[in-house]
Amino acid sequence: MELLDKIQKNYSESDCKVLMEAYNYAEEMHRGQKRASGEPYFTHPCAVAEILVDLGLDAPSVAAAFLHDLIEDTAATEEDILKRFGKEILTLVDGVTKLDKIKYQTHEEEDAENFRKIFVAMANDVRVIIIKLADRLHNMRSLNFLSIERQQRIAKETLEIFTPLAGRLGISQIKCELEDLCLKYLEPEAYEFLVANIHQELIERNNFVQFVVDQIKEILKESNVKGEVIGRPKHFYSIYRKMKKHDKPLDQIYDLTAVRVIVNTKEDCYNVMGKIHDRWKPVPGRIKDYIAMPKVNGYQSLHTTVVTNFGQFFEIQIRTYEMHKMAEYGIAAHWKYKENKSSENNFDARLSWIRDVMDWQGSINESRQFVDSLKNDLYDKELLVFTPHGKVISLPLEATPVDFAYAIHSEVGNKCVGAKVNGKMVALNSVLTTGDIVEILTQQSSRGPSWDWLKFVKSGSTKAKIRQFFKREMKEENVKTGKAMLEAEAKRKGYNLNELLTENSFQKLSNKLVFSSIEEMMASVGYGAVSVNQVIFKLIDYYKKEMPKPVNVVDTGKIKTPAGSVTVEGMGGLLVRFAHCCDPVPGDDIVGFVSHGRGVIVHRTDCPNLKDLDKNRLQPASWTGNLDAEFIAGLKIVADNADGVMVFITGELAIMHLSLTQINGRVNKDKLVEIDLKIILNKRSDIDLLINRLKKDKRIIDVFRTAN
């Protein structure tokens with residue numbers, strides 16, 4: 001088997017022993033399982049392991065690749081893996097394992113929480129994400145066996161998260177293949193067109209590419225520079241993106257092939273570029289020096305686009321062998337080229353952005369918000385600006401001086417009061433461009449960042465650091481602000497916050513929004529991590545369903561109400577309450593629900609919440625006594641926004657001698673009028689009579705009962 005031959009060739013005897021044990025154990029545990037393709041499931045972990053072997057990853061990583069699906073898909077446990085393979089391999093396996101024991105409402109929530117877990121594990125060991133990238137690459141290679149819906153969902157997720165992750169780690173081999181596979185499933189027609197046409201285009205241009213390669217080889221020989229010259233076709237997604245960006249057909253995209261020059265030293269790179277520019281004219285604006293200013297993922301190379309005497313354009317990349325290794329393998333080169341100890345600092349620099357992500361991720365409660373912030377910082381589109389001392393800072397496109405300040409240090413951002421760009425004062429929301437020299441003005445007495453900054457900053461880490469400041473530095477003020485906001489909103493909706501926020505309702509809320517205390521919840525509202533409505537709507541919902549109004553305690557199973565009594569069969573001596581969700585009034589058809597610890601709750605039989613209750617705990621109930629006492633009922637009227645509607649409604653109330661206690665009206669998104677009424681009635685039959693009278697008017701679309 002080719003994989004086992006590669007293992008024997010690339011790893012020590014002791015490593016091979018561990019890898020063969022992992023291979024055999026995974027094969028045993030996956031035995032009998034099939035993939036969607038019908039192949040044995042074990043082919044998947046083998047394929048993932050082979051990708052890692054080709055990248056040069058170490059033995060624990062390859063062993064974890066063999067084992068990465070065991071905990072999720074077989075009877076194997078964490079204890080089994082720990083006992084057989086040790087803590088290091090278990091940690092890698094656990095970092096990649098999905099959170100299959102937790103149930104989420106949507107795929108997005110599940111995926112977001114998985115990504116967050118991966119990043120937490122990756123902060124301790126970056127090999128986790130490399131294994132995950134290899135896992136995703138093989139899954140994308142075999143995506144054709146899934147439904148179209150799943151193909152597109154997985155491809156979209158891959159393009160948004162995994163390809164920029166591979167790019168940020170500098171692993172271009174994986175990044176390019178993932179992008180092409182995503183294009184195949186997200187834009188199948190475009191992909192098939194490129195497959196059918198690019199090969200022919202390359203055949204036609206092959207002589208030209210060979211001419212360019214020969215010319216550059218001649219330049220190297222004349223300059224006494226040793227190196228290689230290679231012509232390579234660009235991958236499909238790169239060509240597709242260029243066609244879309246410039247709105248050009250394929251036959252007008254001239255740089256389908258890039259020529260790569262690989263030499264020994266940095267000085268040779270610049271020398272060769274000068275000689276190439278002597279022979280062919282460079283295209284203005286297309287010369288990029290990523291050696292002096294490396295990309296954020298550590299990529300280094302000289303890029304230039306030149307035009308021949310025949311008017312044809314082509315791109316040339318010039319780099320050293322060391323730069324080429326890093327460009328192809330990125331962070332994986334740390335293991336593939338172990339003899340290069342001088343690259344330790346470069347390796348640490350490549351990991352610094354991961355540590356930065358983990359610094360700010362703790363300030364975000366919701367995993368989906370974490371992923372959205374992460375996406376902003378992942379993409380390789382960037383602008384490079386300078387400090388006054390010449391240090392290069394990489395920022396997302398359209399970044400501002402505030403983004404720059406926080407990229408320097410959190411304290412610089414927190415104390416920022418102004419900025420100079422190229423020596424001139426600018427507004428803090430100004431958009432920076434590549435090459436700008438930025439100076440941040442700070443003041444120790446500054447109270448900190450402004451909430452308004454969140455409206456214009458572009459970096460996810462900047463947004464998180466601003467929120468983190470408000471969370472940590474202004475906790476007491478945030479608690480007061482949050483409490484006041486919640487009290488005001490509760491009052492506006494007709495409730496008291498103390499009535500809504502019980503120990504039971506907070507427990508349910510904390511399960512949804514992950515708060516450890518009421519103070520933390522109020523602080524989160526105060527500094528804007530959670531909206532007021534997120535909290536209030538949930539509390540009102542819990543209150544309506546589980547906290548109806550207490551009425552009385554009786555010994556006979558009957559309670560006195562403002563209009564007569566209620567009898568619930570067989571329930572003498574229990575506390576009886578009216579459900580706040582439907583507010584039964586005398587004459588309504590009713591039923592009693594025997595709750596745990598709160599007595600009997602009386603609902604209208606048409607209450608929508610009954611469908612969620614245990615039918616075995618419902619008891620027949622009925623009204624007795626005088627049913628003609630005064631009570632209040634709520635109505636909602638939906639009507640055309642026409643002249644005279646309100647006059648008609650109030651006129652009907654006057655004719656029936658009914659008094660209003662409250663009226664509210666609004667125009668909804670469909671341009672219809674919604675009117676809420678609270679009316680004093682003496683007879684239950686008056687409700688039905690009023691509804692029937694109102695519905696006779698053609699301007700009235702609907703009328704129905706609401707809770708009081």
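Where is the place of His 68? His 68 sits in the loop between helix H4 (59-67) and helix H5 (70-73).

The views below show a predicted model, in which local features need pLDDT of at least 70, side-chain atom pairs count only at pLDDT 80 or more, and totals for chains, interfaces and linings use all residues. Residues are numbered from 1 along each chain as its sequence is written, and side-chain values use heavy atoms, with hydrogens and water left out.

**Figure 1. The chain as a whole.**
The chain holds 28 helices and 22 strands. Both are DSSP runs numbered from the N terminus: helices are H or I with at least four residues, strands are E with at least two. Of the 708 residues in the chain, 50% are buried. Buried means under 20% relative accessible area, exposed means over 50%, and partly exposed lies in between (1.4 Å probe, protein chains only). The chain exposes about 35,400 Å², and carbon and sulfur atoms supply 49% of that area. Accessible areas come from the Shrake-Rupley method with a 1.4 Å probe; for residues, only the protein chains shown count as cover. A contact means heavy atoms within 4.5 Å. Among contacts between residues at least 6 apart in sequence, 66% join residues at least 24 apart.

**Figure 2. Surroundings of His 68.**
His 68 is buried, with a relative accessible area of 2%. Its side chain makes a polar contact of 3.2 Å with the side chain of Asp 69. A polar contact of 3.0 Å joins the side chains of His 68 and Asp 135. A polar contact is a pair of N or O atoms within 3.5 Å; within protein, one must be able to donate a hydrogen and the other to accept it, and residues adjacent in sequence count only if both atoms are side-chain atoms. Neighbours within four places in sequence aside, His 68 is in contact with His 44, Pro 45, Val 48, Val 93, Val 96, Thr 97 and Asp 135.

Helix H22 covers residues 475-492, which is 18 residues. At 1.5 Å a residue, H22 should span 26 Å; its end C-alpha atoms are 25 Å apart, which agrees. The expected span is 1.5 Å times one less than the number of residues. Which residues of H22 are buried? They are Asn 478, Val 479, Gly 482, Leu 486, Glu 489 and Ala 490. Seen down the axis of H22, these buried residues fall within an arc of 110°, so they line one face of the helix. The arc is that of the directions from the helix axis to the C-beta atoms. An α-helix has 3.6 residues a turn, so residues three or four places apart point the same way. The face of H22 turned away from the buried side carries the exposed residues Glu 476, Lys 480, Lys 491 and Arg 492. Gly 494 follows H22 and has a positive phi, near 90°.

Glu 398 has a positive phi near 65°, in a residue other than glycine. Glu 398 lies in the loop between strand S8 (392-396) and helix H19 (401-408). Glu 398 is partly exposed, with a relative accessible area of 47%. Asn 422 is not a glycine either, yet its phi is positive, about 55°. The loop that holds Asn 422 runs between strand S9 (416-421) and strand S10 (424-426). Asn 422 is partly exposed, at a relative accessible area of 46%.

How many salt bridges does the structure hold? The structure holds 22. A salt bridge is a side-chain nitrogen of Lys or Arg within 4 Å of a carboxyl oxygen of Asp or Glu. The side chains of Glu 50 and Lys 6 form one, at 3.0 Å from N to O. Glu 50 lies in helix H3 (residues 43-55) and Lys 6 in helix H1 (residues 2-10), so the pair ties together parts that are 44 residues apart in sequence. Glu 50 is partly exposed, with a relative accessible area of 21%. Lys 6 counts as buried, at 19% relative accessibility.

Arg 136 and Glu 157 meet through their side chains in a salt bridge of 2.5 Å, N to O. Arg 136 is in helix H9 (residues 127-141) and Glu 157 in helix H10 (residues 148-168); the pair links distant parts of the chain, 21 residues apart. Arg 136 and Glu 157 are both buried. The side chains of Glu 177 and Arg 141 meet in a salt bridge of 2.7 Å, N to O. Glu 177 lies in helix H11 (residues 172-186) and Arg 141 in helix H9, so this pair ties together parts that are 36 residues apart in sequence. Glu 177 is partly exposed, with a relative accessible area of 28%. Arg 141 is partly exposed, with a relative accessible area of 40%.
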